[in-house]
Amino acid sequence: MRSDLARAARGILAAVSLLSFVALFLALQARVTSPAVLGGLAALGTATLLAAAGRSGVRRLLGRGESTPANSEDPDTESDAWLDEPADDTPWTDRSDRARGDSEPDWPLARLEPALDDAWNRWSDAALTVGLAALGVGSLVVLATYPGDDPPLGLLVLVAFGFNGALVTLPFVFK
């Protein structure tokens with residue numbers, strides 16, 4: 001029972017971390033948020049990432065952690081399961097379209113998936129779905145109660161992003 005609660009809390013914290021880092025990214029791109037909000041989102045994302053994935057998750061997010069598990073084989077010698085052929089026989093175009101030899105991306109938001117991979121579970125899917133739906137509903141409420149004549153287009157984008165994201169993640173909750 002205790003391990004189930006710990007697994008649920010860890011999964012929910014992983015989803016909260018993902019949502020806060022995505023919100024931080026969107027806020028940085030919009031350039032309309034105060035530094036206090038940006039700092040709060042960064043602190044929330046880092047704290048929940050630290051609670052869900054530990055120090056190794058934070059190191060992976062910063063690009064300093066190990067990129068492949070210690071028990072995995074060298075990626076050059078393993079077969080390409082997607083194409084059902086050895087990696088040496090894979091055409092260069094197929095390999096270059098997918099990941100390069102160094103699997104650590106330069107974009108920090110893309111490093112969230114490997115950082116949260118160990119903590120992600122069904123509870124994370126549920127929390128992500130609820131969080132995206134709340135983002136859509138909250139943006140819709142702000143859009144409906146906007147006092148001016150021309151509401152920001154970003155609110156409409158957030159409504160679409162929230163509802164579509166919730167609908168896309170909904171099947172993962174029930175798998």
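A salt bridge is a side-chain nitrogen of Lys or Arg within 4 Å of a carboxyl oxygen of Asp or Glu. In this structure, Asp-4 forms such a bridge with Arg-7, the closest N and O atoms being 2.6 Å apart. The model is predicted: local features need pLDDT of at least 70, side-chain atom pairs count only at pLDDT 80 or more, and totals for chains, interfaces and linings use all residues. Residues are numbered from 1 along each chain as its sequence is written, and side-chain values use heavy atoms, with hydrogens and water left out.

**Confidence of the model**

- The protein chain has an average pLDDT of 79 (the predictor's confidence in each residue, from 0 to 100), and 75% of the residues score at least 70.
- The pLDDT is below 50 over residues 68–83, a stretch that has 17 contacts in the model beyond near neighbours in sequence; a contact means heavy atoms within 4.5 Å.

**Overall architecture**

- The protein chain contains six helices and two strands; helices (H or I, at least four residues) and strands (E, at least two) are DSSP runs, numbered from the N terminus.
- From the N terminus on, the order of the elements is α-α-β-β-α-α-α-α.
- Of the contacts in the protein chain with a separation of 6 or more, 66% are between residues 24 or more positions apart.
- Of the 175 residues, 26% count as buried; buried means under 20% relative accessible area, exposed over 50%, and partly exposed in between (1.4 Å probe, protein chains only).

**Annotated transmembrane regions**

- An unreviewed UniProt entry places the feature "transmembrane region" at residues 12–30, 36–54, 126–147 and 153–174; UniProt positions are given in the numbering used here, feature names are shortened, and annotations may be inferred rather than shown by experiment.
- Residues 12–30 are 100% helix and 0% strand, and the end C-alpha atoms of this span lie 27 Å apart.
- Residues 126–147 are 86% helix and 0% strand, with 33 Å between the end C-alpha atoms.

**Salt bridges**

- The structure holds two salt bridges.
- The side chains of Asp-118 and Arg-60 meet in a salt bridge with an N to O distance of 3.6 Å.
- Asp-118 lies in the loop between α4 and α5 and Arg-60 in helix α2 (residues 35–61), so this pair ties together parts that are 58 residues apart in sequence.
- Asp-118 is exposed, with a relative accessible area of 53%, whereas Arg-60 is buried, with 18%.

**Buried residues and their contacts**

- Asn-121 is found in the loop between α4 (112–116) and α5, and it is buried, with a relative accessible area of 16%.
- Leaving aside neighbours within four places in sequence, Asn-121 is in contact with Arg-7 and Gly-11.
- Ser-124 is found in helix α5 and counts as buried at 0% relative accessibility.
- Beyond its neighbours within four places in sequence, Ser-124 is in contact with Gly-11, Ile-12, Ala-14, Ala-15 and Ala-119.
- Phe-172, in helix α6, counts as partly exposed at 42% relative accessibility.
- Phe-172 and Asn-121 are 51 residues apart in sequence, and their C-alpha atoms are 9.9 Å apart in space.

**Surface**

- The protein chain exposes about 11700 Å², of which carbon and sulfur atoms supply 63%; accessible areas come from the Shrake-Rupley method with a 1.4 Å probe, and for residues only the protein chains shown count as cover.
- Val-137, Leu-140, Val-141 and Phe-163 make a nonpolar surface patch of about 310 Å².
- Patches are made of residues with over 30% relative accessible area and no salt bridge: like charges are joined within 9 Å, and nonpolar side chains (Val, Leu, Ile, Met, Phe, Trp, Tyr) within 5 Å.
- Helix α5 contributes the largest share of the nonpolar patch, three residues.
- Phe-163 lies in helix α6 (residues 153–173) and counts as partly exposed, at 30% relative accessibility.
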